[in-house]
Amino acid sequence: MKIGRLAVMVLLVVLCLLAGLAAAAEHQGPAAAHDGAAVTATAGEHGGGHEAAAAGEAKGHGELELGEILPLWSCIPFACMLLSIALFPLFAPVFWHHHFGKVSAFWAATLAIPFLFIFKGVAAHELLHVILADYVPFIILLWALFTVSGGILLRGSLRGTPLVNTVILIIGTLLASWMGTTGAAMLLIRPLLRANDYRKDKAYMVVFFIFLVANAGGSLTPLGDPPLFLGFLHGVPFFWTFHILPPMLLTCGILLAVFFLLDTYHYKKEGVTAPAEEGVKEKLRLDGKHNFIFLAGIVGAVLFSGMVDWGHVNTLGVHRATQDWVRDGILILMGILSLVTTSRKIHEDNDFTWFPIIEVGYLFIGIFITMVPCLLILKAGLKGQLDFLIAAVKDPVHFFWITGLLSSFLDNAPTYLTFFNTALGRFYPGMPESQAVPLLLQHNGLFLEAISAGAVFFGANSYIGNAPNFMVRSIAEEAGTPMPSFFGYIIKYSLLYLVPTFVVVTFVFFL
Amino acid sequence: MVIKKLLFPTKFQELAFNALECLLDMKKIGLEEIVLAHVIDREEVGFVPYGGYLKEEEIRMREEAQIRFEDWQKALVKRGLRSKIRIEVGNPIPEVLRIADEEGVDLIVAGRKNRSNLEKAHIGSHTLELMRHSSLPVLICKYMVQYERQGERVTQVNEHPFRRPLLATDWSPNSRKALTLAASFKGLAEKILVAHVIEAKICKGCDASEVERLKKESNERLAAYCRELEQQGLAAEAHLYSGPSVPALIDLSREQKATMIIMGTTGKDRFREFWLGSVSHRVAEFSELPVLLVP
């Protein structure tokens, strides 16, 4: 797409949103329209005590809550951003591959420009807050996990029997919560494919690998899956996510048992035997083991940032906890140390490339910026324009399925944050996040369990539910494994194996 | 050391075939086979955000590369050279090195990038990376180069790189390897220019007698190199220069109308090479001539 045409499109959409937002602000009160700084942002309160105090002070002067005046259609750029991620890879994959960064920038600009123009200082604060407090730590964690796990390589000859394959899936599931679903998937997908070189049908193995290693396995810690790290950034304690252990065990237990039976059936049906051990059998070994030290450093840094309180640092008007900056610094250090100390050969043999993490970086800046109005409206609770959603989603079972169904087709990280805020808006509307989150965990923890489990588990329902899914698919297809199409995956696998499992989980835990 | 088999990896940039054509004369010095390789960068077809892998795109790229290579092969057949086509998907540099290893080639030929007006370097980051990591000789083939000389923009076509090569030596073991390789150019090279640059910083603080001793020693070594080449039946000419190595070598190559620079890659420590680049790498980067690096 020519830059000129892109600029014209941005301009047109910006002008439309600008006019609409101005009208909405005018309709709610002249003060809001003419003095953006007078509007208070609920989201600004989750930075901690300082922001809460500032927000409280502002509210005392009777200004409007930003989340209460924003129109529903201010969420359109967010919806379009997510729909772009869902639809472009399906219908225009080549265009999407070469222009996804521009698409992300386009939707970010269509929200940010009119938002800043109308609400000025408050809008700038909101955008900076989401970038500094959410996007930056999010991308740093993903980068660190991606870099460190990319330095670990499993070598050796494996024979893909049903037992060996199941063991690989179990190991991946166990590792996913500690090295991230992306890290565990990248570590084990190639050994799994190599081990099953001689097998005829491998697609279902890769699909179950996506179910377990790239999704459900990451549900135990904030390191496992990005949605849970976003929860951690918003005040959910590190070990709280262990509350999801029972549903995780049930889900993974069912899927592993089904996989073993399925693999045994195919193994016997194919009637193939592993090729005779030609040449020298390479012993199983892990190269780059020292990277587990850096992995431990990452776990330690995230843990420590949730345990200490070193006060706050004001960065461009955004108050962030000092320990959060220190954590981010340690994560970067771990990544750099891994890069420096890992041999080039390991990275080469791992086919290590920065491309996937750069993609995530480009796409998520668009997601985080465009989601700002949506989160503000949800936080306003029944006073915001998403009151119908908050009124409709009442019980844990609703949260589990709605978060899950949306996570199946939209990225699960923003979906988690959306329903996390829906729960806060429902139970504690207008309350600063620092106060609301502990209350939610204490009195209505089951709701957050349902949201967390829904976001993490259902991410496996389609290729677009979670970032590692497409990486695994890409590696499998490159290695010559024909994978099911987008709809084939859902019909042949998700509907058949995942959805019934989630129904069982619902009956056991969320009804 | 005879080059019997070379690897010609290409991204089909402008004038890539012309660059290949100017290497065909190497048949006279023993070249028997050329491996034509095209590496489809994994990032071009893989990891489509939330989409997976562009299999059809890969097939299309493979077919395009195959058709072009088959056309090139006709020219190679006419010249009596064997050829082989390799089209792979992967990370370009490791993949090129892997192909070189599998095929057992004696030389890797690297192209030059399409340079913008703002850039002074004559090679791209991929070629630089290849130079750093290859354990085989690498020829950076710059078929057509534009550069500024005395304020004027000059376009140079390097059609016959082997006609008048300049062997730049620092007396290291790798320089000796470069000498052995240069000695195999009999029948193609009219004359080999053997050069050494006394680094300006070495002379700094030396008295006249010390400088004189250095000059004498260098001239003797140059003469010994020339004698070795002459014993192989090649004409050779010694040149001693002084100054900063890189600009001195580039000036010398221009003054003596060299057609190529041959150098052993110097074994600088990794830290220094990372920040400054070795002399050989910087010559490869900034000279308008093809550069043959011998590790």
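**Two domains of chain B**

Mentor: Chain B is assigned domain 1 (5-157) and domain 2 (165-294), with bounds from an automatic or database domain assignment. This is a predicted model, where local features need pLDDT of at least 70 and side-chain atom pairs count only at pLDDT 80 or more, while totals for chains, interfaces and linings use all residues. Residues are numbered from 1 along each chain as its sequence is written, chains are lettered from A in the order in which they are written, and side-chain values use heavy atoms, leaving out hydrogens and water.

Trainee: How many residues of domain 1 of chain B are in contact with domain 2 of chain B?

Mentor: 23 residues of domain 1 of chain B are in contact with 22 residues of domain 2 of chain B; contact means heavy atoms within 4.5 Å.

Trainee: And what area is buried between domain 1 of chain B and domain 2 of chain B?

Mentor: About 1,800 Å², with carbon and sulfur atoms giving 63%. Buried area is the accessible area (1.4 Å probe) that two parts lose on being put together, summed over both. B:Ile29, B:Met131 and B:Lys142 supply 27% of what domain 1 of chain B buries against domain 2 of chain B, more than any other three residues.

Trainee: How many salt bridges are there across that interface?

Mentor: The rule finds 0 between domain 1 and domain 2 of chain B; it asks for a side-chain nitrogen of Lys or Arg within 4 Å of a carboxyl oxygen of Asp or Glu.

Trainee: New topic: how many aromatic pairs are there over all chains?

Mentor: The count is 46. Rings of Phe, Tyr and Trp (its six-membered ring) pair if their centres lie within 6.5 Å; planes under 30 degrees apart are stacked, over 60 edge-to-face, and the rest tilted.

Trainee: Why is the pair A:Phe138 and A:Phe364 tilted?

Mentor: Their planes are at 40°, so the pair is tilted, with ring centres 4.9 Å apart.
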